[in-house]
Amino acid sequence: MTDPTAPLARLTPLLPLLARFTFAAVLLPYFWASAVTKMGSGIFGLLSPSVGAYAQIFPRAMEAAGYDPSNLGVFHWAVVVAGMWAEFILPALVVLGLLTRLSALGMIGFIVVQSLTDLFGHGGIDHAGTLGAWFDKAPDALILDQRAFWITTLATLVVLGGGLLSADRLLFRNAPSVRPADLQPAR
């Protein structure tokens, strides 16, 4: 007896392309807009984050420092700059399909840290609606519901790579990790 879903298996190579498109349509503008709010002014804005950047990433430390970033240390500056750059670079790499698995894994880590900051740094844990609950008939909780979809989309890329139309495929076309198993040459 023939498996009626067998023709659908041929669509598997399109899943990473669909995941990257979804990421580009939904999350790329979100992360880039967030990164822009962290930039300082002038030509060195990428090295001199805004006060808001420190308040977003280190809300309690900024409050303790009187909302003056100069009262914080080099560690805080390095984390804020790295976070800002990550919000520009990692989404671009995901959309281009360049170093897809690594950049998608980096985005998953970024989302986990972002979620923990939202919950514990900004006090979202005190508001049931922010954390949400799975299996509750309401699909709109900021952390558990929304970010589960984000991470699932990125996990698809971690597992399957960038897909057919990706920079990885162009640059590493003979690497087994880029090709789906059924398209690899026989040995």
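Is His-76 buried or exposed? Keep that in mind while we walk through the whole chain.

This is a predicted model, in which local features need pLDDT of at least 70, side-chain atom pairs count only at pLDDT 80 or more, and totals for chains, interfaces and linings use all residues. Residues are numbered from 1 along each chain as its sequence is written, and side-chain values use heavy atoms, with hydrogens and water left out.

Start with a cartoon view. You'll find 10 helices and zero strands (DSSP runs numbered from the N terminus: H or I of at least four residues for helices, E of at least two for strands). The C-alpha trace spans about 70 × 45 × 25 Å along its principal axes.

Next, select Lys and Arg as positive and Asp and Glu as negative, leaving out His and the chain ends. The mean positions of the 11 positive and 11 negative charges lie 16 Å apart, with each charge placed at NZ of Lys, CZ of Arg, CG of Asp or CD of Glu.

Then select residues 74-96: that's helix 6, and His-76 sits in it. Back to the opening question: His-76 is buried, because its relative accessible area is 18% (buried is under 20%, exposed over 50%, partly exposed in between, with a 1.4 Å probe and protein chains only).

Finally, show Tyr-54, Phe-58 and Ala-61: His-76 is in contact with them, leaving aside its neighbours within four places in sequence (contact is heavy atoms within 4.5 Å).
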